[in-house]
Amino acid sequence: MKIFIIFSITFACGVFGNVNSNVNPLPYEAIFNFGDSISDTGNAAAYHHVPKDGKSPYGSTYFKHPSGRLSNGRLIIDFITEAYGLPMLPAYLDLTKGQDIRHGVNFAFAGAGALDMNYFTKNRLKAPATNNSLSVQLDWFKKLKPSLCKNKKECNNYFKKSLFIVGEIGGNDINALISYNNISKLREIVPPMIEEITKATIALIEEGAVEVVVPGNFPIGCNSGVLTVVNSGNKDDYDQFGCLAAYNIFIKYYNWRLNQAIEALRQQKNHVKIIYFDYYGDARRLFQAPQKYGFSSSKNETFRACCGTGEPYNVNEHAPCGSLTSTICSDPSKHINWDGAHFTEEAYKLIAKGLVEGPFASPSLKSPLFKIV
């Protein structure tokens, strides 16, 4: 019976689609994503010519081979596209001639920052690993735009049915300065970071975007990589859950400043729906009640990366996940953290569910076609 119903719905959509090509059963016709390794689906891998058939723990759970993603499986963006009935977004740098890109493209690049490399050089600061920053990704989008639509009217109609996601971006700008162990230094880069994110958002609106997501940042004080780098022996530096309190307070400050900028944009561009993704609250709950979400309940295990080496968090920057001395946990679905810097597929799935189905998107996205399960 269920098969018949699904077939009937599919057949009906096909028939009516032929009768009137303007009928679009999808909540979003396309998704365009910008960001860093949290959402990169293959740009950095294509840029560095990483073989897709190589032996690597990355992609091992879902794809069964390296997929250009820095996790064991799917990312937040993958779960979002699935929920809206769209295919996984192809990476811009991995596009092939004649490839269908009408349902969106991913411009995110692992290691990218909100700020260009020039900012760090000018201020004599340690820089992120790549200069394929947010502004570079925006240039890629502009170069690709003629392949998506031919004139202003066509572009406006197309982008009215599209979702644009600007980030998460900025995590690498912050991470580059973690080793300084100086919160004041971190606070200094917040205004220029938010300025770049705001400029990119305005640029996309000027290109025709009418629904834009601007995510906040994660509770980095709970991140296994940050916990390893800071390596504080002072118990007072940690909250009741085991996260570095000062770094989470900093992220709350950053997200507050970002929200101020978003609200100002909403006033200026009142024809545009600007959505805030609360990555902080969405991810924080996993560390506060890991057992509730199916993760290991031991405090040591909560922060222990699934793939890596070293104590106490199984993270060593000199022997990362995939190196000869690294090990992989027996069940990644029981871990929140994958490799020190990134989440596991299971954690990404729960975060995506909180965004798509609520309550961590404000205002809400359009209703999805499918539940995230």
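Okay, one definition before anything else: when I say buried, I mean a residue with under 20% relative accessible area. And keep in mind that this is a predicted model.

So, helix H14, residues 345-356. How many of its 12 residues are buried? It's 10, so by that under-20% cut-off the helix is mostly covered. The buried ones are Glu 345, Ala 347, Tyr 348, Lys 349, Leu 350, Ile 351, Ala 352, Gly 354, Leu 355 and Val 356.

Quick geometry check on H14. At 1.5 Å a residue its 12 residues should span 16 Å, and the end C-alpha atoms are 16 Å apart, so the two agree. After the helix comes Gly 358, with a positive phi near 95°.

Next up, helix H9, residues 190-207. H9 has 18 residues and reaches 26 Å from first C-alpha to last, close to the expected 26 Å. Its buried residues include Met 193, Ile 194, Ile 197 and Thr 201. Just past the end, Gly 208 has a positive phi too, about 125°.

What does H9 pack on? In general, you describe two packed helices by the angle between their axes and the distance between the axes. Here the partner is H11, residues 245-268: the axes come within 10 Å and cross at roughly 35°. The crossing is right-handed. On the H9 side you've got Val 190, Pro 191, Met 193, Ile 194, Ile 197, Thr 198, Thr 201 and Ile 202. They meet Phe 250, Tyr 253, Tyr 254, Arg 257, Leu 258, Ala 261 and Leu 265 from H11. By class, that contact comes to 12 nonpolar, two polar and one charged residues.

Which strands pair with S3? One is S1 (residues 30-34), parallel, over five bridges; there, Phe 34 has Val 166 as its bridge partner. Another is S4 (residues 211-215), also parallel, with two bridges, and Ile 165 partners Val 213.

How values were computed:
Residues are numbered from 1 along each chain as its sequence is written. This is a predicted model: local features need pLDDT of at least 70, side-chain atom pairs count only at pLDDT 80 or more; totals for chains, interfaces and linings use all residues. Side-chain values use heavy atoms; hydrogens and water are left out. Axes are lines fitted to C-alpha atoms, for helices over the stretch in contact, and angles run from 0 to 180 degrees between N-to-C directions. Helices (H or I, at least four residues) and strands (E, at least two) are DSSP runs, numbered from the N terminus. A crossing is left-handed if the near helix is turned anticlockwise from the far one by less than a right angle, and right-handed if clockwise. Contact means heavy atoms within 4.5 Å. Ala, Val, Leu, Ile, Met, Phe, Trp, Tyr, Cys and Pro count as nonpolar, Asp, Glu, Lys and Arg as charged, and the others, Gly among them, as polar. The expected span of a helix is 1.5 Å times one less than its number of residues. Buried means under 20% relative accessible area, exposed over 50%, partly exposed in between (1.4 Å probe, protein chains only). Two strands pair if DSSP finds at least two bridges between them.
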